[in-house]
There are 2 protein chains.
Amino acid sequence: MTVLRAGILTIGNEVLYGQILDGNAAFLGRELQAQGCEVAWRRTVGDRIPDITDAVKSGLDACDVLLATGGLGPTSDDVTRQAAARLFKSKLVLDRALLEGIRRRFAARGLRMPPCNRSQAMVPDKAVALPNPQGTAPGLLFRQGSKSVILLPGVPRELEAIWEQTLRPMLAQKSGRRTAVKTLRTFGLPESALADRLRLVEKALPAGCLAYLPSCRGVDLRLTFSDRSAEAARTRAGKFAGRISRALGDSIYGQGQETMEQVVGRILTDCCLTISTAESCTGGLMADRLTDVPGSSGYFRGGVVAYSNQLKIKVLGVRPETLRRHGAVSRQTAGEMAAGGRRLSGSDLCLAATGIAGPGGAVPGKPAGLVFLAVSGPFGSIVREKRFIGGRRTIKEWAAQAGLNLARLYLAGKGRLKDRT
Amino acid sequence: MTVLRAGILTIGNEVLYGQILDGNAAFLGRELQAQGCEVAWRRTVGDRIPDITDAVKSGLDACDVLLATGGLGPTSDDVTRQAAARLFKSKLVLDRALLEGIRRRFAARGLRMPPCNRSQAMVPDKAVALPNPQGTAPGLLFRQGSKSVILLPGVPRELEAIWEQTLRPMLAQKSGRRTAVKTLRTFGLPESALADRLRLVEKALPAGCLAYLPSCRGVDLRLTFSDRSAEAARTRAGKFAGRISRALGDSIYGQGQETMEQVVGRILTDCCLTISTAESCTGGLMADRLTDVPGSSGYFRGGVVAYSNQLKIKVLGVRPETLRRHGAVSRQTAGEMAAGGRRLSGSDLCLAATGIAGPGGAVPGKPAGLVFLAVSGPFGSIVREKRFIGGRRTIKEWAAQAGLNLARLYLAGKGRLKDRT
């Protein structure tokens, strides 16, 4: 069985001119891939009838199934229905059952249907209406030989409901293949260093199965495998994920959508340990991220954002002598901040960060981006020196992620982590 | 002069298959519109050389300028450079200055350049390299007659930096029309309430000139006007911005890309006042946002994230009696946190937040989303009760934005703000 070729057409000026992000196309891309389809074609056009008809024609040439989203609403700028009627030489006919359904949706909210919603019950006579359990505009399915064009509303929850109820089962039947996606999240090695370590694994991998996705949270490695059954695809993805894990060791911090703060939270919960933070350059971002996890109040005691030297001394107990001799941005200050934060909060661990977020504040020998991270806890203390580049927010993001990663490695190593940079 | 026709080509399996949202195409769409260009063509293709060359050819037919993003990284799945070299019958030549720049970027982080980054210094001999102030891969500009194809890296901050430094000035020169975009940022009123207040202004506005853009930082109002000259467009936008400002008063906190933390920082700087934070439910997010502003160390002293009651008592001096009688999530605790944070840090103002970020933690009478915000400072103390809905992160975001807004109104009102909810 050959792979089903699918196309995605997004219709709407608000997408074309970037007023909104195209979450619908992303949703359809993921779902089509999971059904073993190839996304062979993807375009975006504005709300103009000739642009829409041209794009639908070209999509039909290139694909077996074309999914178009947007422009089915009740207002004057919604022209997809008319464009399709023109292209398929179809008349718009009132569907009384549909009209009744739309009226009932308004009545359920205690409202009268505004006249303009009547247009949503106009169905091209060559189309099949696909029920929309979440809204007034139905999907519209046109067939041309063995190919199909499906028009979907642009409201995400309506599109997703029609997908779940009608399209996913329909495509699962048509497509002979299933796809498994597995993501491994890494931190600490740049993309190119990962690629060097994965040279051998990559040789054994079919082309196009491995993607590197860098961001300031690290590099995600995404494995994608298609096979006759979902299980066969998952097995192959699992096999290569295992090989990559062995090659990269503890540079991998999580899988799928798992965040660093979730991973740290899970280890703390498993070990029955608590944590606190003592932050300077990260400005509260490490605490913010730790508290993004539901239930984090079970292990997060609190934190101090000691931006001024006065607070470093008064609240965290950093010695004035240390600040004078080594400066606020130093290995020694980071260590004393972590120790002081631990004493103050009574937590098992304290994670500290001090550095220069930039763009100002650099001094000779201490450039913007220089950050010291420290962990103090039951397995001793460690300090790490890091250098990041980028704007202020980027440096904060890198430093916070590196700090959380240091806490992860400290907990995983249980004291085996040596105090070296 | 005719309108310049622009095309946007996104390259990358991760976009095609919906693993990430296409923020780059949205950014370019908005920016091209602001330069008075028509976005006449927009497509997405995967990381395959024939798909890329086909798309570039078709884009060149349809547009005057084609902007392509993605696939310029150092790893094996990045093939845009090779595709373009093939299409433009160009040889890849090592650019030694570029290679040196890439080496220096790694050296600045104390790292050796991995061998595979060398590929990013390979420039097609028919292309001009556009400097990338934020990363290793330069942009690449090819000319064909009067038309241009520009390849840009997929990392948003790199693409945006090349746009600002090179492309925006270049397109401003080419395009015959100018568009002025003016954004007014509001907080505190829902979209429908804003629309009610702006009914009269909207009647006077040409259709399509005003967009409402809601998010958990408030509702941005975007005015877009096109005209023959930038000045004419700006004058019209300015006139309506003035009318909207008068209608909405202090619900407008800023303009353009200005953030709430920048506005608060500017007022503090102007008044020579300092601030600190005392946070529970926001978990450090208010401190994080205040410290995102370069130079914030001039007015931000520091903050405490007092997640546990013990820290609220020990560090912020909240009375155990207050916690026992009113609970940690109460008007009284918020007030004592603000007063205590001010004493501790010696700042002029302290901004406090205590609430239930959810999804757990709700008790009868105190649902998830209930948040008390307080400001203590030279003009007295105020406390506000708020109720937000959404997931944990959304509630944190709303609470932090509302907290910063309260500090803004407190400073602007200089004590005229009454202590009512």
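Two strands count as paired if DSSP finds at least two bridges between them. On that basis, 4 strands of chain B form an open antiparallel sheet in the order S10-S11-S9-S12. The model is a predicted one.

**Confidence**
- The predictor assigns the complex an ipTM of 0.78 and a pTM of 0.78.
- For chain A, the average pLDDT is 91, and 98% of the residues score at least 70.

**Domains of chain A**
- The domain assignment divides chain A into domain 1 (5–174), domain 2 (178–255) and domain 3 (260–413).
- The C-alpha centres of domain 1 and domain 3 of chain A are separated by 50 Å.

**Sheet in chain B**
- Strand S10 (210–215) and strand S12 (252–255) of chain B each have a single partner strand, so one side of each lacks a neighbour in the sheet.
- From one strand to the next, the twist averages 25°.
- Strand S9 (residues 178–186) of chain B is joined to S12(B) by 3 bridges in an antiparallel arrangement, and Arg185(B) stands opposite Gly254(B) of S12(B).
- Helix H9 (residues 230–248) of chain B lies across S9, S10, S11 and S12 of chain B, at about 150° to S11(B).

**Nonpolar cores**
- The largest nonpolar core comprises 40 residues, and Val315(A), Leu316(A), Val315(B) and Leu316(B) have the most contacts inside it.
- Elements giving two or more residues to this core include helix H14 (331–345) of chain A and helix H14 (331–345) of chain B.
- Leaving aside residues up to four places away in sequence, Val315(A) touches Val304(A), Leu344(A), Val315(B) and Leu344(B).

Methods: Residues are numbered from 1 along each chain as its sequence is written. Chains are lettered from A and ligands numbered from 1 in the order in which they are written. This is a predicted model: local features need pLDDT of at least 70, side-chain atom pairs count only at pLDDT 80 or more; totals for chains, interfaces and linings use all residues. Side-chain values use heavy atoms; hydrogens and water are left out. A nonpolar core is a set of buried Ala, Val, Leu, Ile, Met, Phe, Trp, Tyr and Cys residues joined through side-chain atoms within 4.5 Å. Buried means under 20% relative accessible area, exposed over 50%, partly exposed in between (1.4 Å probe, protein chains only). Contact means heavy atoms within 4.5 Å. Domain bounds come from an automatic or database domain assignment. pLDDT is the predictor's confidence in each residue, from 0 to 100. Axes are lines fitted to C-alpha atoms, for helices over the stretch in contact, and angles run from 0 to 180 degrees between N-to-C directions.
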